[in-house]
Structure formats: C-alpha cells, structure tokens
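Subject: Structure handover

Hello,

Here is the structure I promised to pass on to you. Have a look at it first, and then read on for what turned up in it.

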Amino acid sequence: MSSTLIHHIGELVTNDPQRGGLLGIVEDAALVVEGGTVAWVGAAADAPPADEAYDAGGRAVLPGFVDSHSHLVFAGDRAAEFAARMAGESYAAGGIRTTVAATREATDEQLTSHVARLVQEMHRQGTTTLEIKSGYGLTTRDEARSLAIARQFTDETTFLGAHVVPEGTDPAAYVELVTGSMLEAALPHARWIDAFCERGAFDGDQARAVLEAGRTAGLRGRLHANQLGPGPGVRLAAELGLLAVDHCTYLEDADVDALRDSGTIATLLPGVEFSTRQPYPDARRLLDAGVRVALASDCNPGSCFTSSIPLCIALAVREMGMTPAEAVHAVTQRGAEALGRDDVGALVPGHRADLVLLDAPTHVHLAYRPGVPLVAGVWLAGRPT
Ligand SMILES: [Zn+2]
C-alpha cells in the first residue's frame, strides 16, 4: 500500500480535541495518507518518510466538508418564484408542488444527470460527504426511484415522503401511505427518514407517526422543524432522541433546553434565510446554551438553491454570531456527527483522508473573504480529484 506525505501545510485543521482549541490546529504541518485514510498528522519537522510527496504550498488544509442536508433529486427551475419573492411575495411551503410536478415528468436519466451535476458543483466547493433526500416524488414509485438515484451518489439517503401533502390528497390518507407501502418501497434505498414539520406541511402528530414508522422499519430519524414559525418539531425531535433536527430558526426557551438535554444536534441552514429574506437562526444562543450546532446547505430548488458550504460559513459568521472556528467546526466535525459518522469530519489517524486545500493561509478566510472561490483542491479518500 503506497503512502503519500502532504507537506508544507501552513495551517492544518484536524478537529482533534487532544490538540487543543476547537479546531485542533497544527501550524507548519504535514499529513500522511495511506490506503485512503489518514495515517499520521503532526508538525512538518517530525514527518515520517512516505512513498510519494505532495507540496501543499503553504495552504490551509481542512477536513472535507460534510453537508448533512440537501434535496438534490428534482427537475425544473424556480427562478421566477425566487424573483417574485425578491419583489415582495412571501415564501410558503406549497411551492414544493411545482417541483413535484416537474420531477414526476422527468426520466431517470434526466434526474440522475442533474444530481451528478449538483454533486460535482458541491465537490468543487469542498464538500466530500453529503446527504440527499427524496421528497419531490410523493408517490410510491417516484419516492423509491428518487432514493435509488440518490443512492448512486451517497450512502446517506433520506426518505422524505412527508415533505408536503400532494395536491388533492387527504392528509390522513397520505400519512397512511407514507408510513405504509411508500415506506416499504423506500427501505432498500434509504438510511434515514425525515418529515417537514411545519404549518402547511405536517403537524407534530403526523411527523411523529412518520418518524416512529420509519424507526420501526429500521430507519433513523431526522426532522425539518421550526423554520417558518414556532412549533412542536424541535421538542418532538429531542423527545424521540433524533441525532439532528434541522432549521431551528424560531425557538422558544423550552426548545433550546430540550436540545441541550437530549444532545440532539441543531443543524442550521442559513442559505435558506438568505434566499427567502427571513431572519436568521440564533446560533450564538444555541452554542452558549451548550447545544451542538451543525451547518448545512439545504440545497433545493425552492427555498435555497446554493450548493456552497463556504457561503454558509460566511453567513453563519456574519449573520448568526458564530466565530469562524465555530462555523468551520459546524461543517466538518458537527456535520459528521449529524450523520452519525465517525470516519469523516476530522483529520486524525484512521479517518478517511478527505481534505480541502484553501488558497489561503487560514480557515478564517472562508468568512473573511466571502464569495471568493478559495477551494484550490479537494482530496477524496487520499486522492486528489
Ligand atoms: Zn430541507
């Protein structure tokens, strides 16, 4: 098995708690990869010999970004809806139905090539692990094929039949379908189950029924909650012991307490508030309360069509009270935790050698230089891509 020494790293973000500081930073660092995983990390002066060497040119090196929330399987375009929103119309959950119609019409090949393009777009911006949800099919056939397509790109696939009640369908009958034959068809292709717990989508009881049915069938739960207003979703997620609950924009004190006590991760999606011109979630309040906070893109055609984790970092720092270190931690270590993964999100021996090289001396530039394409290179499992 051949090994590669990456040397001349100006700043290495390891996320290794034993190295001190939130990010476990090593200056003037080197890293050895072997067989797709990290074999050694430390000061360049102490680096062991390796078969090959790669000069990082003084760049900052970070763990690849883990995007734990995306909706990439869809067809159609909602640019006109975005323009209307920017002209003063408000965002409502029902716009999802436009995408559902286009997705049902699309062929497998069209959907697959569209996902491939978006995954490539994410990858170029530093994302090396991602989650993909279904949720624009909303029939047994279309949810199952959405998940089968997503599975070609990631193991972290999420069944989101409970995204919105399809037009002309009785809500109770639809929940029965989602928890019955649709769930059964989704099972071979999904690791997770999710629901959109929001006014205009699914209420607390319906979301609970979906999550419990998924759990009984062997899927792990995650939840969209408290995006457009206060609601029962965050406390439901905490009560069910979910790994993560996503959005968390409108929180009462009891929600924050429940997150802290349960250990459920709050995954904040600042691209959504940016793209819908809504107030941002208060990351500072959550962090100060001792809640674990992750950041993700929520890349989707309606409320947030960005695939850029660097943009999310910049927004979280500028608008949500996070430090640059907290934001970087939230898209690496915390993103991995939000997917229950202990093999990515950090650069420590034994982890996958998924890395981002920045054309910058430090991770701080991701927030300090917003909108600038700083990602100079991405390595997947020990290989430059
Ligand atoms: Zn979402």
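You will find Ala381 in the loop between β16 (375-380) and β17 (383-384). Its phi is near 45°, a positive value in a residue other than glycine. Please keep in mind that this is a predicted model.

Leu138 also has a positive phi, about 60°, although Leu138 is not a glycine. This residue sits in the loop between β7 and α4. With a relative accessibility of 3%, Leu138 counts as buried.

Next, the aromatic rings. A search of the whole structure turned up 4 aromatic pairs. In one of them, the ring centres of Phe74 and Tyr136 are 6.2 Å apart and the planes stand at 70°; an angle over 60 degrees counts as edge-to-face, so that is what this pair is. Phe74 belongs to the loop between β6 (65-67) and α1 (79-86), while Tyr136 belongs to the loop between β7 (127-133) and α4 (140-151), so the pair ties together parts that lie 62 residues apart in sequence. Phe74 counts as buried, at 1% relative accessibility, and Tyr136 is buried too, with a relative accessible area of 2%.

Phe74 has another partner, Phe305: their ring centres are 5.7 Å apart and their planes are at 75°, so this pair is edge-to-face as well. It links distant parts of the chain, since Phe305 is in the loop between β14 (293-295) and α12 (309-319), 231 residues from Phe74. Taken together, Phe74, Tyr136 and Phe305 form one aromatic cluster.

Another ring to look at is that of Trp192. Arg222 lies over the face of Trp192, at 4.5 Å from the ring centre.

The largest pocket holds about 270 Å³ of space. It is lined by 13 residues, and the closest to its centre are Thr128, Thr129, Leu130, Phe153 and Thr154. Both α3 (108-124) and β7 supply at least two residues of this lining, and the largest share, 4 residues, comes from β7. By type, the lining of the largest pocket divides into 4 nonpolar, 6 polar and 3 charged residues.

There are also 3 cavities of 30 Å³ or more in the structure. The second largest cavity contains about 40 Å³ of space. Pro63, Gly64, Thr128, Thr129, Val344, Gly345, Ala346, Leu347, Arg352 and Asp354 line this cavity. Its lining divides into 4 nonpolar, 4 polar and 2 charged residues. Thr128 and Thr129 are listed among the residues closest to the centre of the largest pocket and also in the lining of the second largest cavity.

Enjoy exploring!

Best wishes

Conventions
Residues are numbered from 1 along each chain as its sequence is written. This is a predicted model: local features need pLDDT of at least 70, side-chain atom pairs count only at pLDDT 80 or more; totals for chains, interfaces and linings use all residues. Side-chain values use heavy atoms; hydrogens and water are left out. Rings of Phe, Tyr and Trp (its six-membered ring) pair if their centres lie within 6.5 Å; planes under 30 degrees apart count as stacked, over 60 as edge-to-face and the rest as tilted. Buried means under 20% relative accessible area, exposed over 50%, partly exposed in between (1.4 Å probe, protein chains only). A charge sits over a ring if NZ of Lys or CZ of Arg is within 6 Å of the ring centre and within 35 degrees of the ring normal. On a 1 Å grid over the protein atoms alone, a cavity is a set of points where a 1.4 Å probe fits but cannot get out, and a pocket is an open set with protein on both sides within 12 Å along at least five of seven lines; lining residues have an atom within 4 Å of a point. Grid points are joined across faces, edges and corners, and a volume is the space filled by probe spheres set on the points. Ala, Val, Leu, Ile, Met, Phe, Trp, Tyr, Cys and Pro count as nonpolar, Asp, Glu, Lys and Arg as charged, and the others, Gly among them, as polar.
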